[in-house]
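Here's a quick briefing to read alongside the model. Have a look at the fold below, then go through the notes.

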Amino acid sequence: MKLTTRGHYSVKALLDLSLQPEFGPTSVKAIADRQDLPAPYLEKLLMEMRRAGLVKSLRGATGGYQLARHPAQISLGQILEAVGETIDPFPRTSPGSEQAEDWVTDRLWHQLHQKLKESLYTISLEDLYFDARSWQASQGEETNFVV
């Protein structure tokens with residue numbers, strides 16, 4: 001699995017949204033400024049995550065994006081999947097039956113991939129939120145942070 005800027009920025013944006021009071025709406029510009037992300041690119045990612053049902057958008061002067069569900073109901077795997085990140089490590093091939101070493105290593109990579117996938121869908125945005133808050137507290141910081 002390779003995490004690109006698409007996945008990294010998407011996780012940062014949703015973690016930023018999870019920090020908003022009452023999970024209220026936030027403008028793309030505000031998220032981009034806080035997280036030092038390019039706003040046009042972030043807007044495209046947020047639209048993809050809106051189509052996946054992770055965020056919703058509100059129009060108007062006090063509008064913007066907000067989480068569509070509670071952070072505990074949004075997994076890291078869902079975020080990455082929403083923006084087209086691939087979770088598969090490499091194309092599956094079937095080793096020949098005469099190659100025991102290939103079969104064993106193929107099984108090993110398959111098992112590791114399954115564990116990684118399980119982890120990505122087990123770790124919630126809420127888990128990341130509490131990790132970020134714990135780190136902040138250890139640093140003596142208040143409420144704002146850059147992921």
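Predicted model: local features only at pLDDT ≥ 70, side-chain atom pairs only at ≥ 80, totals over all residues.

Residues are numbered from 1 along each chain as its sequence is written, and side-chain values use heavy atoms, with hydrogens and water left out.

**Overall makeup**
- You're looking at 6 helices and 2 strands (DSSP runs numbered from the N terminus: H or I of at least four residues for helices, E of at least two for strands).
- Along the sequence, the pattern goes α-α-α-β-β-α-α-α.
- Of the 147 residues, 35% are buried (under 20% relative accessible area; exposed is over 50%, partly exposed in between, with a 1.4 Å probe and protein chains only).

**Helices α1 and α2**
- The axes of α1 (residues 5-18) and α2 (residues 28-35) come within 10 Å and cross at roughly 110 degrees (axes are lines fitted to C-alpha atoms over the stretch in contact, with angles from 0 to 180 degrees between N-to-C directions).
- That makes α1 and α2 roughly perpendicular (65 to 115 degrees).
- Lys12, Ala13, Asp16 and Leu17 of α1 make the contact with Ile31, Arg34 and Gln35 of α2 (heavy atoms within 4.5 Å).

**Around Trp109**
- Trp109 sits in helix α5 (residues 100-122).
- Trp109 is partly exposed, at 46% relative accessible area.

Methods: Parallel < 35°, antiparallel > 145°, perpendicular 65-115°, else oblique.
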